[in-house]
Amino acid sequence: MGKKAREIIHANVNKVLKDLTAVYADEWLAHHLFWHLAQTLRGIGADTLRTQLAKQSQGELEHAEKIAKRIVQLGGSPPAVWDAIAKAANCKPSPPPSDRTNLEAAIKLVLDTERCVIDVYNSLLGKYRNIDHVTYELVEDLLIDELEEEEVWENYLAKV
Ligand SMILES: [Fe+2]
Ligand SMILES: [Fe+2]
């Protein structure tokens, strides 16, 4: 971590790293869940959802990349193994519906996942507003993306 990077941060770096590690884990779990649904959903209308899920799965991975970059910038290291990721996450999605043609249940699961992370990012914004501008800006960008994604899935739910 650079000298200036340390100077401009007024938060406890270890606490910031803990929060960032948890959201890094949230993004990976969302990435994997959406990817999984993109592989497995079947039935009428599933193709459209699968395409959207595959795209959005990549979006969550990009979020994880941005968070990893900030973690490394702060002198930390993102969790490297699945156990640590599962343990660190704030949002632990339920398993996909056993009926892979139940698109409504799948969409609700996606929406729950997006809404959980929206709550987390929103609370982090309040926490870091005046004490870590770089983390604040990152979280703000991520929150804007998640809010847009929630709307996409609300629209799918209304049509299913
Ligand atoms: Fe995300
Ligand atoms: Fe998302």
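**Figure 1. Order of elements and overall form.** From the N terminus on, the elements of this predicted protein run α-α-α-α-α-α. The protein has 6 helices and 0 strands. Helices (H or I, at least four residues) and strands (E, at least two) are DSSP runs, numbered from the N terminus. The radius of gyration is 17 Å, close to the 15 Å that the globule rule gives for 160 residues, so the protein is as compact as a globular protein of that length. That radius is taken over C-alpha atoms, and the globule rule is 2.2 Å times the number of residues to the power 0.38. Along the principal axes, the C-alpha atoms fill a box of roughly 55 × 30 × 20 Å. Residues are numbered from 1 along each chain as its sequence is written, while chains are lettered from A and ligands numbered from 1 in the order in which they are written. Because this is a predicted model, local features need pLDDT of at least 70, and side-chain atom pairs count only at pLDDT 80 or more, whereas totals for chains, interfaces and linings use all residues.

Figure 2. Of the 160 residues, 32% count as buried. A residue is buried if 20 or more other C-beta atoms lie within 10 Å of its own, exposed if 12 or fewer, and partly exposed in between; C-beta atoms are placed from the backbone. Two residues are in contact if their C-beta atoms, placed from the backbone, lie within 7 Å. Among contacts between residues at least 6 apart in sequence, 76% join residues at least 24 apart.

**Figure 3. The largest nonpolar core.** This core has 35 residues. Such a core is a set of buried Ala, Val, Leu, Ile, Met, Phe, Trp, Tyr and Cys residues joined through C-beta atoms within 7 Å. Tyr 24, Leu 29 and Ala 106 have the most contacts inside the core. Helices α2, α3, α5 and α6 each supply at least two of its residues. The largest share, 12 residues, comes from α2. In soluble globular proteins, nonpolar side chains tend to be buried together. Leu 29 also touches Ala 89, Cys 91, Lys 92 and Pro 93, leaving aside neighbours within four places in sequence.

**Figure 4. Helix α5 and its buried residues.** The 26 residues of α5 should span 38 Å at 1.5 Å a residue, and its end C-alpha atoms are 38 Å apart, which agrees. The expected span is 1.5 Å times one less than the number of residues. Buried residues of α5 include Leu 103, Ala 106, Ile 107, Val 110, Thr 113 and Glu 114. Further along, Val 117, Val 120, Tyr 121, Leu 124 and Tyr 128 are among them too. The buried residues of α5 pack against α2, α3 and α6.

**Figure 5. Cys 116 in helix α5.** Cys 116 sits in α5. It counts as partly exposed because it has 19 C-beta neighbours inside 10 Å. Cys 116 touches Asn 90 and Cys 91, not counting residues up to four places away in sequence. Pro 93 is 23 residues from Cys 116 along the chain, and their C-alpha atoms are separated by 9.1 Å.

Figure 6. Helix α6 (residues 133–159) has 27 residues. From its first C-alpha to its last it reaches 40 Å, close to the 39 Å expected at 1.5 Å a residue. Thr 135, Leu 138, Val 139, Leu 142, Glu 146, Glu 149 and Trp 153 are buried in α6. Their cover includes α2 (13–40), α3 (46–73) and α5. Helices α3 and α6 pack at an angle of about 170°, with their axes 11 Å apart. That makes α3 roughly antiparallel to α6. Axes are lines fitted to C-alpha atoms, for helices over the stretch in contact, and angles run from 0 to 180 degrees between N-to-C directions. Angles under 35 degrees count as roughly parallel, over 145 as roughly antiparallel, 65 to 115 as roughly perpendicular and the rest as oblique. Residues that meet include Leu 49, Gln 56 and His 63 in α3, and Val 134, Leu 138 and Tyr 156 in α6.

**Figure 7. Arg 100 in its loop.** Arg 100 lies in the loop between α4 (82–88) and α5 (103–128). It is partly exposed, with 16 other C-beta atoms within 10 Å. Leaving aside neighbours within four places in sequence, Arg 100 is in contact with Thr 40, Leu 41 and Arg 42.
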